[in-house]
Amino acid sequence: MSDVIQQKIREVISQNTSPSESDWLTQKGSSDPLELMTAFVASPRNLHKKIITVTPEQAWELNAEIAGFSVNDWSLVRLSRVWLLTQLDSSDKETYVKNISTLFDTAEMNELVALYSALPLLSYPDEWLFRATDAVRSNMGFVFDAIALHNPFPARYFSEQAWNQLVLKTIFNDKPIHFIEGLESRRNEDLAMILSDFAHERWAAGRSVAPQVWRLVSNFMNDIIAGDMQHLLQSRYVPNQQAAAIASFESGYKPAIELISNYPELQKSVASGKLTWTDLETTDLNTYVPQP
Amino acid sequence: MCLNHNETTQNPSHFEDSDDGNTPAHTDITWSEYNELIKGMRFFDPHIHMVSRTTDDYQAMYQAGIVALIEPAFWVGQPRTGLSSFKDYYSSLVGWERFRSSQFGIKHYCTMGLNSREANNEPLAEQVMEILPLYIYKEGVVGIGEIGFDDQTPAEEKYYRLQLELAKKANLPVQIHTPHRDKKKGTERSMAIALEHGLDPSWVIVDHNNEETVKSVLDKGFWAGFTIYPFTKMGNERMVKVVEQYGPERIMINSAADWGISDPLAIPKTAALMKMRGITNESIKLVTYQNAIDAFGKSGQIDVTDFEDGMESDHSAKFHGNSILRGGQQPAPAKNSLLIQ
Ligand SMILES: [Zn+2]
């Protein structure tokens, strides 16, 4: 991990803390591992509970150091905890891994959120892979979000199977997939077909899938998925039709292109670039409630 | 669960030392008739083991006005075989169980500690003491508890003292479990040792009191907790008399409901009985809500705005596409007897 990112985070913290809070952190950050770990736990008892503010420049700089890494909307406690973790001595791998593992094993929900948020900054990334894929199985919403949304670690280190599981569970949990880092670059055919199957199950149960998930299939259009597009175009729900139109247009797959020629208005707005996936990026999903 | 008399003497935590095998007398007073009396009241249960309870309990508790609770670390019923089971248990108190509680609109706090019974396994107790600091500073940990004596062995005393020191260092209240057997002596000894370690009695909650122990506890300046637990601890008619005699100052009641035959609605039921017997609303509020908040609030971890006007359930926290409280589900009404004997 680069010293630069440590400094940048410290900068953001300084702008969001009182001098006494900042002193407390500085002192704990340079103490022995056990005290540092206790400080990680005790942060909420020593720091204000508030959401930090980050300037656009700072956000840009952090992202420049580690692509996809963002601290926007984090609480001061979360950011401070992540910073404390970056202060743990990593020179001896065995001790370092043992200490971080102890924190994982004893963590409550907010600590888990901080630990998973810190994954892109921790040394020995392979050591955290199992915990990261395990977090995807979490039943606690905030913990799941910490690994799945706005976190560059999965895109970088997950196997294709683990990645697909993450995306699918995000959809399953009615969370917005456009908050997943690396969503575009890690699209794959398996995922597209899994999604098609998933949609069929949902439709059979009288439920829906979020329209924007069809952005995952456009590169892998085939007759089965084109059939799904037809189903969507025939639905009375406009965002479904829009999603099918964009995916079909993007695919360049002839049978799919032909489908949208029956909807000239939609075709026009997609072709002109007026209608894009961004228009379908909603966060308030409730696909378990039957559609009108 | 089915416990015969023989089993109850084996060592359950709260369910202990029945006087005899008699079944309780039936009573004409039913809870459903009297819960009208406590409409609009808010309750805080400062001692309940939700890890042993069901979703029905959470629903009934919420419906009966319980807005917040404290789950003390306790003995789960069978010996733990290693440090990992302690870790998992402690983690569940601050993790899964707290989350589960939030899904039912009830704010969940806990106290952390090595309980007296398990202090007797010294090699394991030693390891637990090493990881305890990582738990006591966690958010929502409002005290060190429940600690104290069970058999009143030297090992129990050793870890009791060590944890009193930990509480002092961490600036946390202490929740003392007083023993079932030889209670009077155990209570006196627990208080004497706490004072010997320089603890301010206003930071110490002595739990599971009865008519025999209450006076001394209050006289010495400690908080007196009363556990309304069927058959073996306090009944709520007795509790009403205690409040009539000693007033509501520094007295708090709890259910200590766990895996034994116990009642998570002990507080609202007792409040209804108090109301019926003419105890004032202010006194009822003190012993069923405010005193617990004042005592454990010294931890700095209780913010009443989190629950006094109802807790905001986190609707984005779902699993398998659903929260535990699935849309449209109605809490089942509780129809048990009002009296707990
Ligand atoms: Zn207990």
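This is a predicted model: local features need pLDDT of at least 70, side-chain atom pairs count only at pLDDT 80 or more; totals for chains, interfaces and linings use all residues.
Me: Let's start with the aromatics. How many aromatic pairs turn up over all chains?

Reply: A search of the whole structure finds 20. To sort a pair, look at the angle between the planes: under 30 degrees is stacked, over 60 is edge-to-face. Take F172(A) and Y288(A): the planes sit at 85°, with the centres 6.3 Å apart, so this pair is edge-to-face.

Me: Where in chain A do F172(A) and Y288(A) lie?

Reply: F172(A) belongs to helix α11 (residues 160-172), while Y288(A) is in the segment after α16 (264-271), so the contact ties together parts that are 116 residues apart in sequence.

Me: And are those two residues buried or exposed?

Reply: Buried means under 20% relative accessible area. Y288(A), at 16%, counts as buried, whereas F172(A) has 30% and is partly exposed.

Me: What kind of pair do F44(B) and Y109(B) make?

Reply: A stacked one, because their planes are at 15°; the ring centres are 6.2 Å apart. F44(B) comes from strand β1 (residues 43-45) and Y109(B) from strand β3 (residues 107-112), both of chain B, so parts 65 residues apart in sequence are tied together. Both ends are buried: F44(B) has a relative accessible area of 0%, and Y109(B) has 1%. Ring pairs also link these two with Y289(B) and F307(B) into a cluster.

Me: Which residues lie over the face of a ring?

Reply: Here you check an arginine against the ring face. R10(A) lies over the face of W83(A), 4.7 Å from the ring centre. In chain B, R189(B) does likewise over F149(B), at 4.4 Å from the ring centre.

Me: Now the sheet in chain B. What is its strand order?

Reply: Read the strands across the sheet, then check their directions. The order is β1-β2-β3-β4-β5-β6-β7-β8, an open sheet of eight strands with parallel pairing. At the edges stand β1 and β8 (251-254), each with a single partner strand, so one side of each has no neighbour in the sheet. From one strand to the next, the twist averages 25°.

Me: How many bridges join β7 to β8(B)?

Reply: Four, between parallel strands, with β7 spanning residues 223-227 of chain B. To place yourself, find A224(B): its bridge partner in β8(B) is I251(B).

Me: Which strands does helix α4 of chain B touch?

Reply: Helix α4 (residues 83-94) packs on the sheet, touching β2 (66-72), β3 and β4 (141-148) of chain B. Its direction makes about 145° with that of β3(B).

How values were computed
Residues are numbered from 1 along each chain as its sequence is written. Chains are lettered from A and ligands numbered from 1 in the order in which they are written. Side-chain values use heavy atoms; hydrogens and water are left out. Rings of Phe, Tyr and Trp (its six-membered ring) pair if their centres lie within 6.5 Å; planes under 30 degrees apart count as stacked, over 60 as edge-to-face and the rest as tilted. Helices (H or I, at least four residues) and strands (E, at least two) are DSSP runs, numbered from the N terminus. Buried means under 20% relative accessible area, exposed over 50%, partly exposed in between (1.4 Å probe, protein chains only). A charge sits over a ring if NZ of Lys or CZ of Arg is within 6 Å of the ring centre and within 35 degrees of the ring normal. Two strands pair if DSSP finds at least two bridges between them. Axes are lines fitted to C-alpha atoms, for helices over the stretch in contact, and angles run from 0 to 180 degrees between N-to-C directions. Contact means heavy atoms within 4.5 Å.
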